[in-house]
Amino acid sequence: MANKVTNVLLVGVGGQGTILAARILSGVLQEAGYDVKMSEVHGMSQRGGSVVTFVRYGEKVYSPLVEKGTADLILSFEKLEALRWLPYLKPEGTMVVNDLALLPAPVLLGKAEYPYNALDVLREKAKKLITLDAAKIAEEKVGNIRTQNVVLLGALANNMDIPTETWEKVVRESVPPKTVDVNLKAFAAGRQYQ
Amino acid sequence: MKLFLSGDEAIARGAYEYGATFAAAYPGTPSTEVVENLIPYKEIYAEWSTNEKVALEVGLGASLAGARVIVAMKHVGVNVAADPLFTAAYTGVNGGLILVSADDPSMHSSQNEQDNRNVAPFAKIPMLEPSDSQEAKDLVGVGFKISEEMDTPVLMRITTRIAHGKGLVECGQRQEVPLREYKKQSAKYCMVPAFARPRREAVEERTARLKEFSETFPYNRIEWGPKDVGIITSGISYQYAKEVFGASVSYLKLTLTWPLPEKLIREFASQVKKVYVIEELDPYLETQIKALGIDVIGKDVIPNMFELSAEILRERILGEEPAKDNALDVAIPPRPPVLCAGCPHRPVFYTLKKMKVPVMGDIGCYGLGVMPPLEAVDTTVCMGASIGMAHGFQKANAWVGQDKKAVGVLGDSTFFHSGMTGLADMVFNKGAGVVVVLDNRTTAMTGHQPHPGTGITAKGEVSEPIQIEDVARSMGITDVAVVDSYDLAAVENAIRHALDFNGPSVVICKRACALLKGLPKMPPLTIDQDKCTKCHTCLRTGCPALVHHPDKSVTIDPNACTGCTVCAQVCRFDAIGKVGGEVRG
Ligand SMILES: Cc1ncc(C[n+]2csc(CCOP(=O)(O)OP(=O)(O)O)c2C)c(N)n1
């Protein structure tokens with residue numbers, strides 16, 4: 001059998017908490033028995049810059065980096081970042097996008113315009129696009145605004161072939177004990193979006 | 001047990017498993033997490049040293065005491081530590097000593113790009129290059145053995161994608177390794193010329209032994225496949241090569257990359273039709289292999305700068321077209337990193353820009369002061385350079401009768417790292433530069449490590465905090481001011497006074513980093529839209545909590561605002577205040 005490797009990108013803005021999501025995702029893949037590699041860059045980028053985490057899994061993974069045009073799945077925590085990383089998506093890939101606009105410095109300063117039509121552009125270019133407002137879902141359906149990341153993971157999980165029990169087990173192990181129930185609820189809420 | 005670890009975490013895990021009891025480092029991306037992950041182990045002493053030279057000296061002392069030691073730093077840190085390193089190559093060690101150099105190809109978080117593989121032949125110490133997290137962990141054990149058996153410091157050279165790339169690592173138990181006995185051996189440890197000359201010869205003998213060792217070292221291995229193409233590679237480049245060429249070629253994967261296994265290389269090259277050397281940055285392997293008289297293809301096709309990738313190999317070796325960018329008919333604004341909302345560096349840069357003085361900058365979060373709209377920094381070279389450069393700038397002008405000063409601006413951690421010696425130089429040589437210390441009570445850029453001014457050690461013990469103002473005064477500087485960074489008027493007065501003062505001056509702008517935990521919360525501010533004239537002076541602070549709307553109005557994001565009041569202080573129309581009240585002063 002050919003060594004099929006699946007490529008996932010988690011993208012967002014420094015400080016948005018893509019790191020917890022990446023940790024849960026890689027935990028799930030390990031639990032499911034895959035070889036997994038993950039790559040991210042720390043440092044400067046944490047100060048509100050654009051951030052990306054590459055996750056690759058399969059029977060055997062060599063390079064930790066995802067090449068342009070080869071991502072099976074991109075989960076974007078923010079709309080502009082979804083546009084920025086779109087070139088990494090495979091033609092038949094899936095994009096899951098949080099319907100949130102965080103304005104970068106040049107826009108805040110009035111030196112550039114925010115592409116508020118990002119979702120329309122994405123809809124045209126991505127074969128499969130799933131959008132959700134994670135903050136609203138976390139607040140209204142889950143009752144805890146801080147579970148946004150796990151809501152987004154729920155939406156991502158729909159596009160991956162991994163049993164729900166595995167996800168739930170790893171979520172349980174990755175969040176503070178007191179927040180297990182609310183995070184499981186957030187995960188289930190995210191799964192409504194397909 | 002398999003753990004999912006970054007290369008840095010794996011090195012820390014290896015240090016734990018293979019009996020290290022000692023670690024010293026100065027933080028620096030991408031090396032910081034090595035020692036950060038050693039701090040929690042109760043079996044291991046770990047410290048943040050004041051700089052990399054000190055860290056290596058501390059590590060060498062611990063090695064002579066008989067401990068297994070890890071010292072970690074970023075690539076430029078090795079420049080700082082080069083002095084002890086090049087002579088530690090002569091003294092050798094007692095307990096195993098591994099120096100981790102984490103290089104940053106493409107400069108994700110660095111001021112330059114350097115290939116520290118070149119350090120190994122220069123210093124004449126063996127070098128190990130892991131290709132993934134598992135090897136990073138295993139090679140710590142191997143490295144300690146080589147260090148002890150060959151009596152040498154060992155360089156473990158990693159790069160960003162190894163340091164911060166995660167993979168599955170089979171982990172084991174800790175082996176306790178007792179301290180080796182210390183014996184006084186002046187001829188080995190005192191490198192006065194008469195003793196250094198025989199040690200110089202001992203280094204050559206050791207290198208000869210290491211060469212033999214390298215030939216049969218199991219991590220230098222051939223993976224035979226079809227023999228039309230052979231690839232010689234090491235480190236992360238091995239992964240990119242495997243990604244692209246899979247089982248279609250033969251590989252010589254090198255792991256002990258100094259000294260190189262010449263016979264093994266000759267054997268491999270003689271059996272394949274065409275040899276590619278696939279390596280990131282300098283033609284380090286290529287030059288040495290070509291010197292053996294072996295014809296290889298390397299930097300003729302592979303770039304000698306920035307990160308390598310599978311894409312580059314596909315394009316340059318296989319001639320594949322790079323993936324086309326999805327042409328979008330919408331502009332994508334960049335999202336550069338910025339000084340955080342409430343950053344205490346902001347008011348100081350705002351003031352310096354207003355004063356239009358040359359600013360010799362330094363390295364830290366405040367490097368972001370070079371970006372618009374603050375654009376206050378003229379130079380950024382290396383840690384500590386601000387003070388020497390400000391002194392040189394002032395002196396060169398004074399020498400020809402011009403009264404033109406520069407302000408040197410550096411952080412508190414940088415002051416202890418390498419600012420103090422520059423300051424002593426300024427006093428000694430009768431300089432009249434102005435030094436502004438941005439004292440945010442932490443090493444912010446690399447993730448908030450404590451330093452000698454914070455009064456807390458890596459292990460969380462309370463220690464005596466060294467006051468920067470006391471250091472300056474003890475050097476004989478009389479013009480020393482300490483101001484609150486958030487108080488714009490005080491900052492400006494202090495710097496103006498210092499610029500007028502005929503002698504060296506130090507202005508310490510003190511205020512904790514807004515990201516530090518446990519700070520008192522201040523209420524967010526709001527803009528009174530009736531008073532606001534849309535003059536946009538507040539936007540010149542570059543605070544990311546200020547939102548500029550398409551209708552030119554400005555509001556404050558209450559979730560981002562820390563209530564620092566800097567925008568309120570620059571507002572000439574008194575339009576910015578606390579929600580339902582006036583501004584806290
Ligand atoms: C020789 C060297 N060591 C380490 C680094 C990594 N580094 C860059 S900035 C910095 C810390 C600066 O801390 P501080 O001066 O307190 O400024 P802050 O980031 O807190 O503003 C470090 C460790 C470096 N660039 N060069």
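Here is a short walk through the aromatic rings of this predicted model, stop by stop.

Residues count from 1 along each chain as its sequence is written, with chains lettered from A and ligands numbered from 1 in the order in which they are written. Local features need pLDDT of at least 70, side-chain atom pairs count only at pLDDT 80 or more, totals for chains, interfaces and linings use all residues, and side-chain values use heavy atoms, leaving out hydrogens and water.

Now for the rings. Phe, Tyr and Trp (its six-membered ring) pair if their centres lie within 6.5 Å; planes under 30 degrees apart are stacked, over 60 edge-to-face, and the rest tilted. Over all chains, the structure holds 14 aromatic pairs. Select Y114(A) and Y116(A): the ring centres are 4.9 Å apart and the planes sit at 50°, so this pair is tilted. Y114(A) is buried, at a relative accessible area of 5%, while Y116(A) is exposed, at 53%. (Buried is under 20%, exposed over 50%, partly exposed in between, with a 1.4 Å probe and protein chains only.)

Hop to chain B and pick F217(B) and Y219(B), a tilted pair with 5.4 Å between centres and 35° between planes. F217(B) is buried, at 3%.

Back in chain A, select F54(A), W85(A) and Y88(A), a cluster linked by ring pairs.

Last stop: K227(B), over the face of W224(B) at 4.3 Å from the ring centre. That label needs NZ of Lys or CZ of Arg within 6 Å of the ring centre and within 35 degrees of the ring normal.
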